[in-house]
Amino acid sequence: MIEMRNVSKTYANGVPALHSIDVVIEKGEFVYIVGPSGAGKSTFIKMIYREERPTEGSVFIQGSDIGKLKEKQIPYLRRKIGVIFQDFKLLPKLSVFENVAFALEVIEEPRDVIRQRVMEVLDIVHLKSKARFLPDELSGGEQQRVSIARAIVNDPHVVIADEPTGNLDPETAWEIMDILEDINRRGTTILMATHNQSIVNTIKKRVIAIESGRIVRDEWRGGYGYER
Ligand SMILES: Nc1ncnc2c1ncn2[C@@H]1O[C@H](COP(=O)(O)OP(=O)(O)OP(=O)(O)O)[C@@H](O)[C@H]1O
């Protein structure tokens, strides 16, 4: 469902970030992207929702080369991809409900459909009772759960999380992982860039390790090599 073929990225200032990346991620997988600071993890992730474009090579989502999309087609791509950030990026003046509903209002879904779907996803992240709260009335973990609800409200094929537990204490980080695993069990592909070794070592998934812009390891943490 996600395929990178010979993808390289050099930023406009000449900084090389990715070199000849070849990778396939199948529907329903849960994949960690790991590597030292500056290795290229965020750049890798940004390629998938076309926040950045490759300088060489192609990125395919469900068989379509997203480098070839016209600007006006990009919102359609982004509806198929939910994104979660380390710093949540919630709209501070909107309630929890409104933050999550926003993506559905943009596509002019009927009000009753919006209400039902928003409450459904708030239930998945255990925040139904806080639908009317503002983001700054919530803990960091709760804010991250709102941003997860917002990421899945359009029922995307893939959720991309860039350091989703980076700003959270360890206990809250595990709660976020429970929710991401639950979403993955419901069929959504998950890609998560992380520095959190204890999560990667405990909740065993496919691990893609990037160093200096190259994939240096791609395996299941279960102890056997990754093959397809
Ligand atoms: N917009 C940009 N313009 C120029 N260089 C950039 C840009 N974004 C990232 N880089 C550079 O590209 C390289 C890879 O950065 P990237 O953010 O992808 O790494 P990362 O693995 O996500 O790091 P971290 O773990 O610290 O978030 C780094 O050398 C970085 O300085």
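The axes of α5 and helix α6 (residues 170-185) come within 9 Å of each other and cross at roughly 15 degrees. At that angle, α5 counts as roughly parallel to α6. The crossing of α5 and α6 is right-handed. On the α5 side the contact is made by Gly-140, Gly-141, Gln-144, Arg-145, Ile-148 and Ile-152, and on the α6 side by Thr-172, Glu-175, Ile-176, Ile-179 and Ile-183. Sorted by class, the residues of this contact are five nonpolar, four polar and two charged. This is a predicted model, as is everything described below.

Helix α5 also has α3 as a partner. The axes of α3 and α5 come within 8 Å and cross at roughly 25 degrees. Angles under 35 degrees count as roughly parallel, so α3 is roughly parallel to α5. Here too the handedness can be given: α3 passes α5 in a right-handed crossing. Val-96, Asn-99, Val-100 and Ala-103 of α3 meet Val-146, Ala-149 and Arg-150 of α5. By class, that contact has five nonpolar residues, one polar and one charged.

Helix α3 (residues 96-106) and helix α4 (residues 111-124) have axes that come within 10 Å and cross at roughly 130 degrees. The angle makes α3 oblique to α4. The crossing of α3 and α4 is right-handed. Phe-97, Val-100, Ala-101, Leu-104 and Glu-105 of α3 form the contact with Ile-114, Arg-117, Val-118, Val-121 and Leu-122 of α4. By class, this contact of α3 with α4 has eight nonpolar residues, no polar ones and two charged. Val-100 of α3 is listed in the contact with α4 and also in the contact with α5.

The next part is a sheet. Six strands form an open sheet in the order β6-β7-β8-β3-β9-β10, with mixed pairing. At its edges stand β6 (81-85) and β10 (214-220), each of which pairs on one side only. On average, neighbouring strands of this sheet are turned by 15 degrees against each other, direction ignored. Strands of a sheet pair through backbone hydrogen bonds, either parallel or antiparallel. One of the pairs in this sheet joins strand β3 (residues 30-34) to strand β9 (residues 206-211): the two run parallel and are linked by four bridges. Within this pair, Ile-33 has Ile-208 in β9 as its bridge partner. Helix α5 (residues 140-152) packs on the sheet, where the helix touches β6 and β7 (158-162). The direction of α5 makes about 165 degrees with that of β6.

A second open sheet has four strands in the order β2-β1-β4-β5, with antiparallel pairing. β2 (16-25) and β5 (64-65) stand at its edges with a single partner strand each, so one side of each is left without a neighbour in the sheet. Strand β1 (residues 2-10) runs antiparallel to β2, and six bridges join the two. β1 and β2 form a hairpin with five residues between them. In the turn of this hairpin, Gly-14 has a positive phi of about 95 degrees. Helix α1 (residues 41-48) lies across β1, β2 and β4 (56-61) and runs at about 125 degrees to β1.

How values were computed
Residues numbered from 1 in each chain as written. Predicted model: local features only at pLDDT ≥ 70, side-chain atom pairs only at ≥ 80, totals over all residues. Pairing = 2+ DSSP bridges. Contact = placed C-beta atoms within 7 Å. Axes fitted to C-alpha atoms, helices over the stretch in contact; angles between N-to-C directions. Parallel < 35°, antiparallel > 145°, perpendicular 65-115°, else oblique. Left-handed = near helix turned anticlockwise from the far one by under 90°. Nonpolar A, V, L, I, M, F, W, Y, C, P; charged D, E, K, R; others polar.
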